[in-house]
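This briefing sets out the main features of one model, grouped by topic for reading beside the coordinates. Please keep in mind throughout that the model is predicted.

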Amino acid sequence: MITNESINQAIDYILQHIEEDVTLEEVAEYCHFSKYYFSRLFKKQTGESVYAFIKRVRLEQSAFRLKVEQERRITEIGADYGYSSSNFSTAFRQHYRMAPVDFRKKIRRYSMEHPFFHQETWQVESFEECNAKITVEEIPDYFAIYERNIGNYEQLSGDWDRFLQKYQDYITGETKFLERTYDDPAVTSRENCLYDICMSVSEDCPLENTLKIRGGRCFVYHFKGHAKYIYAAYQTLFLIWLPHTNHELDESKSLFDIYHKIDSGTMYMELDICLPMKC
C-alpha cells in the first residue's frame with residue numbers, strides 16, 4: 001500500500017500529464033520536495049524510480065490504446081506519447097518483447113487463461129449482449145476515504161476485508177463502496193496494477209487519505225454474476241464495445257466500479273462499471 005499522500009499526489013500528477021514530457025524535476029517541484037529526497041521516497045513507496053514508472057506507464061497506456069483504438073495507425077498512437085516511429089518500436093519491444101503490430105494482433109485473442117481464477121477460461125460477449133447492459137448516466141462526484149495499492153487485482157478481496165475493518169466507524173447506511181482501477185491486467189504486469197479502494201464519506205471527514213472521485217457522464221455497464229466473470233466483462237468493453245463505437249474514454253478520469261451487492265459465500269456480485277467518456 002502507498003501510505004505517503006505526497007507520493008499519491010505525484011502519481012496522480014504523472015497520470016494526468018503522461019502524454020507530456022513530464023520530468024522528475026517537475027514532479028518533485030509539484031510536491032515541494034528536492035528531487036533527491038523525492039526520488040528516494042518515490043522508490044521506497046512504489047518500488048520503482050520516477051523515470052522507470054513514467055516510462056512504464058507511458059508504454060502501457062500506449063499498448064492499451066493499440067487495443068481499444070484498433071483503426072488508428074500505430075505511429076499516431078506512439079506520437080501521442082512523444083515517440084518517433086522508430087523509437088516507439090524500440091521501446092515497445094524492450095518492454096513487451098514484441099513489436100507493436102504483433103502485440104495488437106495478439107491482444108485481440110478473445111479466449112485465454114483467466115489471470116485470477118486460474119482454472120477458468122473466459123470469453124467475450126457479443127457487442128449486442130454487452131450493449132444491452134449499458135446505460136448512459138450522470139454519475140455524481142463522491143468524496144471518499146481511499147487506500148492506494150500497486151499489486152495484483154487478485155489481492156482485492158483481502159485488501160477490502162482489511163479496509164472495511166479499519167474504517168468501520170465511518171460506514172453508514174448511505175455509504176457507497178467504490179474501486180478505481182488504472183490498469184488492464186492484459187496489458188500491465190499483474191504485479192504492477194494500480195488501484196484505489198474507496199468508500200464515500202462526508203466532506204468533513206478528518207482523515208488525510210481522502211479524495212474526490214469525479215463522476216459526470218459515464219457509460220455504465222451493469223454487471224450481475226460470479227466474480228470470475230468480471231474480467232470477461234472488462235475485456236468485452238475493451239476489445240468489443242469500445243472499438244466498435246465512436247466513444248472515447250476521458251483519460252483525465254479513472255474507470256471506477258460502484259458495488260451494490262456482494263455475497264462473500266457464493267461470490268455473487270452486482271456492480272456498475274463506470275466508464276467516464278469524452279462529451
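Eight strands, paired in the antiparallel sense, form an open sheet in the order 3-8-10-9-5-6-4-7. The edges of this sheet are strand 3 (134-139) and strand 7 (210-213), each of which pairs on one side only. Neighbouring strands of the sheet are turned against each other by 35° on average, direction ignored.

- Strand 5 and strand 9 run antiparallel and are joined by five bridges, with Phe 177 standing opposite Tyr 259 in strand 9.
- Helix 1 (residues 5-16) packs on the sheet, where it touches strand 4 and strand 6, and its direction makes about 90° with that of strand 4.

**Aromatic pairs**

- A search of the whole structure finds 18 aromatic pairs.
- One of these joins Trp 160 and Phe 177, whose ring centres are 6.2 Å apart and whose planes stand at 80°, so the pair is edge-to-face.
- Because Trp 160 lies in helix 9 (residues 156-166) and Phe 177 in strand 5, this pair ties together parts that are 17 residues apart in sequence.
- Trp 160 is buried, with a relative accessible area of 11%, whereas Phe 177 is partly exposed, at a relative accessible area of 24%.
- The rings of Trp 160 and Tyr 259 also pair: their centres are 6.0 Å apart and their planes are at 75°, so this pair too is edge-to-face.
- Since Trp 160 belongs to helix 9 and Tyr 259 to strand 9 (residues 255-263), the pair ties together parts that are 99 residues apart in sequence.
- Tyr 259 has a relative accessibility of 13% and therefore counts as buried, the cut-off for that class being under 20%.
- Elsewhere in the list of aromatic contacts, ring pairs link Tyr 83, Phe 88, Phe 92, Tyr 96 and Phe 103 into a cluster.

**Nonpolar cores**

- In soluble globular proteins, nonpolar side chains tend to be buried together.
- The largest nonpolar core of this model has 43 residues, of which Tyr 221, Leu 237, Phe 238, Trp 241, Leu 242, Ile 273 and Leu 275 touch the most other members.
- The elements that give two or more residues to this core are helix 4 (50-68), strand 4, helix 9, strand 6, strand 8 (216-226), helix 10 (230-241), strand 9 and strand 10.
- Helix 10 supplies the largest share of this core, with 10 residues.
- When residues up to four places away in sequence are not counted, Phe 238 touches Phe 64, Lys 67, Val 68, Asp 184, Pro 243 and Leu 255.

**Positive phi values in loops**

- Arg 97, a residue other than glycine, has a positive phi near 60°; it is found in the loop between helix 6 (85-96) and helix 7 (100-107).
- Arg 97 counts as exposed, at 68% relative accessibility, where exposed requires over 50%.
- Met 267, likewise a residue other than glycine, has a positive phi near 65°, and its place is in the loop between strand 9 and strand 10 (268-276).
- Met 267 is partly exposed, with a relative accessible area of 28%.

Key: Residues are numbered from 1 along each chain as its sequence is written. This is a predicted model: local features need pLDDT of at least 70, side-chain atom pairs count only at pLDDT 80 or more; totals for chains, interfaces and linings use all residues. Side-chain values use heavy atoms; hydrogens and water are left out. Rings of Phe, Tyr and Trp (its six-membered ring) pair if their centres lie within 6.5 Å; planes under 30 degrees apart count as stacked, over 60 as edge-to-face and the rest as tilted. Helices (H or I, at least four residues) and strands (E, at least two) are DSSP runs, numbered from the N terminus. Buried means under 20% relative accessible area, exposed over 50%, partly exposed in between (1.4 Å probe, protein chains only). Two strands pair if DSSP finds at least two bridges between them. Axes are lines fitted to C-alpha atoms, for helices over the stretch in contact, and angles run from 0 to 180 degrees between N-to-C directions. Contact means heavy atoms within 4.5 Å. A nonpolar core is a set of buried Ala, Val, Leu, Ile, Met, Phe, Trp, Tyr and Cys residues joined through side-chain atoms within 4.5 Å.
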